[in-house]
Amino acid sequence: MKMNNKLVRIIFAASCLLLFGVFFFFEQNKLRDLPKIKFHVNSSALSAVTVSNTKLEYKNIFSTEELDCKSFVYDASEWTLRYQKLNETLTESNNSKNEYDCKNDFLKLLNSNSVKRIVYSNNYVENRGCTKNTAQCEESAYFNSTLKKRINTPPCCREKLLEMLNHVTKELQELHITHMLAFGSVLGWARNGKMVPYDNDIDLILNKEFWKTPLFYNFTNKLETKYGYKTFFADKGAKLKILYSQTNYNAIDVWPFEINKHGKIAEVSIPHNDWKKQPLENLFPERYVSFDNVMTFVPRDTNSYLNILYTNWTTELDCSYKEDEKCVNKEN
């Protein structure tokens with residue numbers, strides 16, 4: 001009986017060692033199967049997004065500027081993870097702890113709301129945020145006090161706005177309807193020929209003679225039936241809103257402009273509280289330009305136009321001050 005008990009204990013101990021060995025083998029293989037990554041950050045930390053009581057809160061998920069890993073770069077400002085070449089030689093193969101930490105942090109980043117776009121090594125782009133079936137990105141531009149830098153509007157949202165503008169301006173051009181960019185959209189073009197990276201909509205004005213005519217309604221109907229956009233009037237009928245879809249509220253705002261003459265002076269006005277009457281020569285004849293690779297129109301004299309609407313408009317904002325979810329200059 002004593003021999004039998006001793007044999008049982010030996011078998012039990014051997015079984016435990018065998019199970020531990022199998023578990024360790026699978027865990028090591030699972031670790032090797034995770035992506036090998038090289039991580040470079042342009043700032044002192046990264047930010048991840050968590051949701052608490054429907055309010056977005058941001059926190060650091062990395063404690064160092066650079067991890068000695070393998071194959072991606074993350075741009076926090078643009079919510080973008082970019083994979084590098086897949087056949088790079090491992091630099092961390094002799095440091096299993098560092099390898100584990102890199103993979104752990106990589107998975108944290110990938111599973112967080114901090115990544116809205118992935119660019120693969122073959123330049124294929126995966127959109128992780130904005131489609132006709134998803135709601136408008138809850139995340140907007142803001143100033144990250146930890147990184148001490150501005151985080152822009154997610155690129156997928158900006159791309160959809162430009163897609164909408166391309167369709168809208170082409171349809172208006174085919175109808176020979178006078179129209180042009182307005183407000184912050186003109187700001188972006190005047191600064192660098194592009195959409196303001198922290199803006200969340202596009203503004204247009206068009207000829208009031210076209211406003212709410214049968215041709216106008218044919219135009220809005222085509223936007224809905226051909227492109228799947230949603231259109232409706234807002235501000236008691238003073239503004240047309242064009243949404244990316246019934247679900248996704250990325251929007252182009254459109255106002256009618258009219259030309260009023262006072263003797264020899266002609267001014268342009270629109271029904272918007274922030275608009276300041278502009279001399280006719282500031283806007284006309286309009287200029288045909290490339291706006292973030294979309295061919296459309298801007299006012300003739302953009303500098304004079306912007307000087308009337310804004311102060312210190314030549315410098316981009318850091319989004320440390322916001323009103324109504326928009327980054328604004330305190331002096332405006």
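Student: Where is the place of C319?

Tutor: C319 sits in the loop between α7 and β19 (322-323). Keep in mind that this is a predicted model.

Student: OK. Is C319 buried or exposed?

Tutor: C319 counts as buried, because its relative accessibility is 4% and the cut-off for buried is under 20%. Its backbone stands out too: C319 has a positive phi of about 65 degrees although it is not a glycine.

Student: Why flag that?

Tutor: Because most residues other than glycine have a negative phi.

Student: And what about N293, what's its phi?

Tutor: N293 has a positive phi as well, about 70 degrees, and it is not a glycine either. N293 is found in the loop between β17 and β18 (294-298).

Student: Buried or exposed, that N293?

Tutor: Exposed: the relative accessible area of N293 is 72%, and exposed means over 50%.

Student: Which residues does the cis peptide bond join?

Tutor: F284 and P285, with omega at about -5 degrees. P285 is in the loop between α6 (280-283) and β17 (287-291). As background, most peptide bonds are trans.

Student: Switching to helices. How do α4 and α7 cross?

Tutor: Helix α4 covers residues 184-192 and helix α7 covers residues 302-309; their axes come within 10 Å and cross at roughly 130 degrees. That angle makes α4 oblique to α7. The crossing of α4 and α7 is left-handed.

Student: Which residues in α4 and α7 meet there?

Tutor: From α4 you have V186, L187, W189 and A190, and they meet T302, Y305 and L306 in α7. By class, the residues of the contact of α4 with α7 are six nonpolar, one polar and no charged.

Student: Tell me about T302. What does it touch?

Tutor: Leaving out residues up to four places away in sequence, T302 touches V186, W189, A190 and R287. T302 lies in helix α7, and it counts as buried because its relative accessibility is 6%.

Student: How about α3 and α5, at what angle do they pack?

Tutor: About 135 degrees, with the axes of α3 (residues 155-174) and α5 (residues 214-227) 11 Å apart. So α3 is oblique to α5. The crossing in which α3 passes α5 is right-handed.

Student: Which residues make the contact between α3 and α5?

Tutor: On α3 they are H167, V168, E171, L172 and E174, and on α5 they are F219, K222, L223, K226 and Y227. The contact of α3 with α5 divides into five nonpolar, one polar and four charged residues.

Student: Let's zoom out. How many helices and strands are in the chain?

Tutor: The chain has seven helices and 20 strands.

Student: What share of the residues is buried?

Tutor: 45% of the 332 residues in the chain are buried. As for surface, the chain exposes about 18,500 Å², and carbon and sulfur atoms supply 51% of that.

Student: One more: what percentage of the contacts with a separation of 6 or more comes from residues 24 or more positions apart?

Tutor: For the chain, residues 24 or more positions apart account for 60% of those contacts.

Definitions and conventions
Residues numbered from 1 in each chain as written. Predicted model: local features only at pLDDT ≥ 70, side-chain atom pairs only at ≥ 80, totals over all residues. Heavy atoms only, no water. Axes fitted to C-alpha atoms, helices over the stretch in contact; angles between N-to-C directions. Helix = DSSP H or I, 4+ residues; strand = E, 2+ residues; numbered from the N terminus. Parallel < 35°, antiparallel > 145°, perpendicular 65-115°, else oblique. Left-handed = near helix turned anticlockwise from the far one by under 90°. Contact = heavy atoms within 4.5 Å. Nonpolar A, V, L, I, M, F, W, Y, C, P; charged D, E, K, R; others polar. Buried < 20%, exposed > 50% of the residue type's maximum accessible area, 1.4 Å probe, protein only. Areas by Shrake-Rupley, 256 points an atom, 1.4 Å probe, with all protein chains shown as cover.
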